[in-house]
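User: I have a structure open here and would like to go through it with you step by step. Could you start with how the parts of the protein touch?

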Amino acid sequence: MIRATSQKIKTYYKLLIQNQMMPKKPIYILAIESSCDDTGAAILCNDRVLSNKIAGQEIHTKYGGVIPELASRAHQQNIVPVVSLALKEAGISINQLNAIAFTQGPGLMGSLLVGVSFAKSLALALKIPLLAVNHMQAHVLAHFIKYEDSKIPEFPFLCLTISGGHTQIVKVTDYFNFEVLGQTTDDAAGEAFDKSAKILGLDYPGGPFIDKYSKVGNPLAFKFPKPKSKNPLDFSFSGLKTAILYFIQKETAKNPNFIAQNRDDLCASIQHTIVSILMDKLKLAVKQTGLKQVAIAGGVSANSGIRMALAQAETKLGWQCFIPKFEFTTDNAAMIGIAGYYTYLQNNFASNNSIAKARLSI
Ligand code: KG4
Ligand code: ZN
C-alpha cells in the first residue's frame, strides 16, 4: 500500500517536472570546449546558460589556417583564465559544480588533450562526475538551450550541420540518436568559404569576411559550378574551390586589379553558390523524409545568406526553421554544456580513463 502511494507520488512529481510546473533540482555543469582553435568554458544550470566564455586564437591569422601545435599551446595558456572567468560571471563557486562536460572529439588531438586532461583533473579533485561530449552532436543540441524566446525543435527533425571541419545533413530522432543522410566527400562548407576567401586574399577565417562583403555585392555577377555527387544528399566543395581559383587566375592575368575592383561581387557570388548548394540538398532531404522541421548548426550557420534562405523557406515552403543564436553557432562551450546536461540526465557518466578521440562519428 505504502509502496503504491510512493510510486504515485513519484509519477506525480515526474509529471510536474515534465510540464515544468515545478523547478527542477538545479544541476550546475562546467563545460569545456577545446576541439580546434577556440578555448571555451561555460556554466549551465540545467538547460540554461549562466556564462559562456571563449578565448579565440589570433595567432593563426598570419598563417592563413589553424596550426595544430600552436593551437594546443594556446589552449594550455587560456584554459585556466577562461574557466575562472566563466565561474565568476556565472556567480557560482567551484564547489557548487555537479559535473564537468568536455569535448571528447572529433577535433585536433593536441587541442582536445588539453580540455580532456583539464576536465579529468578537476573532476578528480572535486570528486564530481565527468560527461564526455561529441562535438558534432553538441552543435545540433545547441538548439535545446533555453533562453527567452528560444524556439526548440521537436523530434524528429532535420539538421544541416555546417562547420569548418564538417558538413552533414542528419535526421535527429532523439537527443543522442542521429542518422547521417548525407555528408561532404571532400571539403566542408566552412572550408569552401575559407579557401575561397584565401584565394581573394582575405584573412583567416574568411567565412565572416565573405559574408560581410556579400551584403553590398551582386550575387549573380559571376557564375560558379555546383558540383554533383553520387549520393544526391552528399556534398562536394573541392571542385568549386578549384573553379574559383582558375577563374581568378585567368581574370587577374588580364587585369591585375580584378579582385580589388570586384571584391564585393565576387564574395556575393561565391556565397550565393555555396548557399544554393546547401539549400538544394536540404530541399531534397525534406522531400525524401517528409520532415519539415529544419535546423542549421555549426559555424557557417552564422552566415546571413543561409539564414535568409531558411527564413524564405519558412514562408515559401512551409518549413519550420530553427536558426541558432549567434553565440551558439561557432565553436562554444555552452553547446558542450547542453549536451552534457542531457548526458547527465541519462546517468551516462564518463570514466576517468576517457581519452580524446580525434575521429568520432556523430
Ligand atoms: O563550428 P566552427 O566554429 O568550427 C568547427 O567546428 O569547424 O566553424 C568555423 C567555420 C569557419 O570555416 C568559418 O569561416 C565559418 O565557420 N564561419 C562562417 C561565418 N562565421 C563563421 N562562414 C560563413 N559566414 C559566416 N558568417
Ligand atoms: Zn564546431
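Analyst: In this predicted model, 16 residues of domain 1 are in contact with 23 residues of domain 2, where contact means heavy atoms within 4.5 Å. The area that the two domains bury between them is about 1,600 Å², with 74% of it on carbon and sulfur atoms; buried area is the accessible area (1.4 Å probe) that two parts lose on being put together, summed over both.

User: Which residues of domain 1 lose the most area to domain 2?

Analyst: Those are M136, V140 and H143, which together make up 38% of what the domain 1 side buries.

User: Okay, and where does each domain run?

Analyst: Domain 1 covers 18-143 + 330-345, and domain 2 covers 153-324, with bounds that come from an automatic or database domain assignment. Their centres, taken over C-alpha atoms, are separated by 27 Å.

User: How many salt bridges are there between domain 1 and domain 2?

Analyst: The count between the two domains is zero, if a salt bridge is a side-chain nitrogen of Lys or Arg within 4 Å of a carboxyl oxygen of Asp or Glu. One residue pair across the interface is in polar contact, with both residues at pLDDT 80 or more. A polar contact is a pair of N or O atoms within 3.5 Å; within protein, one must be able to donate a hydrogen and the other to accept it, and residues adjacent in sequence count only if both atoms are side-chain atoms.

User: Which helices supply the side of domain 1 that touches domain 2?

Analyst: Both α4 (135-141) and α10 (333-345) supply at least two residues each, and the largest share, five residues, comes from α4. Helices (H or I, at least four residues) and strands (E, at least two) are DSSP runs, numbered from the N terminus.

User: Changing topic, which residues come nearest to ligand 1?

Analyst: Of the 19 residues around ligand 1, the nearest are G164, D194, D211, N303 and D331, where a residue counts as near if one of its heavy atoms lies within 4 Å. For D194, a polar side-chain atom lies 2.6 Å from an oxygen atom of the ligand. An N or O atom in the side chain of H139 is 3.3 Å from a ligand oxygen atom, and a polar backbone atom of G190 is also 3.3 Å from a ligand oxygen atom.

User: Back to salt bridges, how many does the rule count altogether?

Analyst: The count comes to twelve. One salt bridge joins the side chains of K146 and D47 at 3.1 Å, N to O, and the pair links distant parts of the chain, 99 residues apart. K146 sits in the loop between α4 and β6 (157-162), and D47 in the loop between β2 (39-45) and β3 (48-55).

User: What should I know about the numbering and the cut-offs?

Analyst: Residues are numbered from 1 along each chain as its sequence is written, while chains are lettered from A and ligands numbered from 1 in the order in which they are written. Local features need pLDDT of at least 70, side-chain atom pairs count only at pLDDT 80 or more, and totals for chains, interfaces and linings use all residues, while side-chain values use heavy atoms, with hydrogens and water left out.
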